[in-house]
Amino acid sequence: MIDTKDILETINMIREENLDIRTVTVGISLFDCVSDDKARFLNNIYDKITRTAADLVPVCSEIEKTYGIPIINKRVAVTPLSLVGGKLDGDGYIEAAKTLDRAASALGINFIGGFGALVHKGSTRCEEALIKAIPYALAETETVCSSVNVATTKAGINMDAVAEMGDIIKQTAYLTRDRGSVGCAKLVVFANVPEDNPFMAGAFHGVGEPEAVINVGVSGPGAVGSAIRRAGDCSLSELAEVIKRTAFKITRVGQLVAHEASKRLGIPFGIVDLSLAPTPAIGDSVADILESMGLETCGAHGTTAALAMLNDAVKKGGVMASSHVGGLSGAFIPVSEDAGMISAAEKGVLSVEKLEAMTAVCSVGLDMIAVPGDTEASVICGVIADEISIGVANGKTTAVRLIPAYGKKEGDTVDFGGLLGRAPVMSLRPQSPAEFIARGGRIPAPIHSLKN
Amino acid sequence: MKKKAVISVTGRDNVGIIAKVSALCAELGANISDISQTVLQDYFAMIMIVEIDGLNVPFTEFVDRVRTLGRENSLEINAMHEDIFDSMHKI
């Protein structure tokens, strides 16, 4: 028999603490869509995506209703297009992006990921064509997301790609200037990108993945925050236990939904991503968790330590709750998507430098940060290089999703609406790293033996 | 093992609500196996465990009907498959 207390706890977590499944993402391989004929290639990808994920939205609605748990996003991730585009030129890649957009719209999903390239050691002709097409592809589509992996711990950092991404981000901001430069919210630059991440904008279907796969991202900052507040005055050892227990419960729901979606769609289960993904809704904030741990404001000294402990406890609790974990797995700190982060940034307590330190101990990186529109491309490259170095040196994923909001300056706000939220424009140091960036070449892979 | 669901009713006023939920369960073929009630401050929470093997409608329709009954009575009524509770609270 199920305990009444447990029943009420579950209901309370869903209704009052915003517990939900953040995303059910179907990964789809496009390798068998390859063709030397552009029209045939575009037809192939449209058909394969709409056929494979045809039932994604209705099946998720059924699961939501059966278990009473909201599934916020239904999404598709495909093989990086630069791997299957063959002889497509820039215009061809833009058409391919529009084809992905049409497929997403036919399926009723809000984002489709995979308009990307893996260039950590160098670019092929296909990858160069795709990267140059990114600003136009993002400006001319609604749902397409793009990611570029510029570094790995094994290969080092491709600084030519870093240098190029600064210009690509600026150009994307310009081409979507009438919508708060929202194109940049759909573009991520990665180090050590995972191949099974269900979260946008960085999701794609990796080369080692099967034909199709279900990956699920959980959420639940509200539930963790409430549990910490309920725990009251206790030691950090006890608090770590509270977080682990809550993370276990949250992840179990993700595992259940992943299992059911896999069974009902006839697509194998891949991973559950153990994440604390905030939304702009009040009470669904990672910054609030850090503050309920005892910090006056997120961004205060002590924030990195609190976040490191939170992130570790979430993984420890989650890993036992799921048969396979993967993706990004950890706490997300996207500024515009987290009411507490927005507030801390507006107060001037949370700076880009503090966020950079925080990314050394949690998943992803400098995420959804609006910066002045007149920021030099080389400064953006400097931010990317710094953040990517943290990932490469520490053998972890890091990423940069900066929005140099066109026409905006420090102190302004950019409002994207919905899950992408609202970003206060934060300052960057204007001093130029241009000569360093312009050197190009590769930063060699770090040594991983002499660990001191 | 029979498949079960949990019907939860929360609200301020519970006059006659057990009768109404029971009548709906009978109509749709859900067999009530347990009822408990808790009072939380001004609110009451009733939990009903029902067997859903004998439902004469799909479970998703059962959920809709239960929710509609809640709206008609200004109460929050939901039905959820027991698996979500088992997943979260049992290892």
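1. Let's begin with a strand of chain A. Strand β13 (residues 398-405) is mostly covered, with eight of its eight residues buried. Please keep in mind as you read on that this is a predicted model.

2. Which residues of β13(A) point one way, and which the other? Thr398(A), Val400(A), Leu402(A) and Pro404(A) point to one side of the strand, while Ala399(A), Arg401(A), Ile403(A) and Ala405(A) point to the other. Both sets are buried, and Arg401(A) is one of the residues concerned.

3. Now for the partners of this strand. Strand β12 (residues 366-372) of chain A pairs with β13(A) in the parallel sense, over six bridges. If you want a place to look, Leu366(A) stands opposite Val400(A) of β13(A).

4. Strand β7 (residues 187-191) of chain A is also joined to β13(A), here by three bridges, and these two strands run antiparallel. Within β13(A), Ala399(A) is the bridge partner of Phe190(A).

5. A residue in another strand is worth a look too: Thr23(A), which lies in strand β1 (residues 21-28) of chain A. Is Thr23(A) buried or exposed? Its relative accessibility is 0%, so Thr23(A) counts as buried.

6. What does Thr23(A) touch, leaving aside its neighbours within four places in sequence? Its contacts are Asn73(A), Arg75(A), Pro198(A), Phe199(A), Asn215(A), Val216(A) and Gly217(A). As for its side chain, a polar contact of 2.9 Å joins it to the side chain of Thr25(A).

7. Next, the meeting of the two chains. On one side 25 residues of chain A are in contact, and on the other 29 residues of chain B. The area buried between chain A and chain B is about 2,400 Å², and carbon and sulfur atoms give 70% of that area.

8. How many salt bridges are there between chain A and chain B? The count is two. In a salt bridge you can pick out by eye, the side chain of Lys65(A) meets that of Asp64(B) at 2.8 Å, N to O.

9. Finally, the side of chain A that touches chain B. The elements giving two or more residues to this side are α1 (4-15), α3 (56-67) and α9 (236-265) of chain A. Of these, α1(A) gives the most, with ten residues. By type, the residues on this side of chain A divide into 14 nonpolar, four polar and seven charged.

Definitions and conventions:
Residues are numbered from 1 along each chain as its sequence is written. Chains are lettered from A and ligands numbered from 1 in the order in which they are written. This is a predicted model: local features need pLDDT of at least 70, side-chain atom pairs count only at pLDDT 80 or more; totals for chains, interfaces and linings use all residues. Side-chain values use heavy atoms; hydrogens and water are left out. Contact means heavy atoms within 4.5 Å. Buried area is the accessible area (1.4 Å probe) that two parts lose on being put together, summed over both. A salt bridge is a side-chain nitrogen of Lys or Arg within 4 Å of a carboxyl oxygen of Asp or Glu. Helices (H or I, at least four residues) and strands (E, at least two) are DSSP runs, numbered from the N terminus. Ala, Val, Leu, Ile, Met, Phe, Trp, Tyr, Cys and Pro count as nonpolar, Asp, Glu, Lys and Arg as charged, and the others, Gly among them, as polar. Buried means under 20% relative accessible area, exposed over 50%, partly exposed in between (1.4 Å probe, protein chains only). A polar contact is a pair of N or O atoms within 3.5 Å; within protein, one must be able to donate a hydrogen and the other to accept it, and residues adjacent in sequence count only if both atoms are side-chain atoms. Two strands pair if DSSP finds at least two bridges between them.
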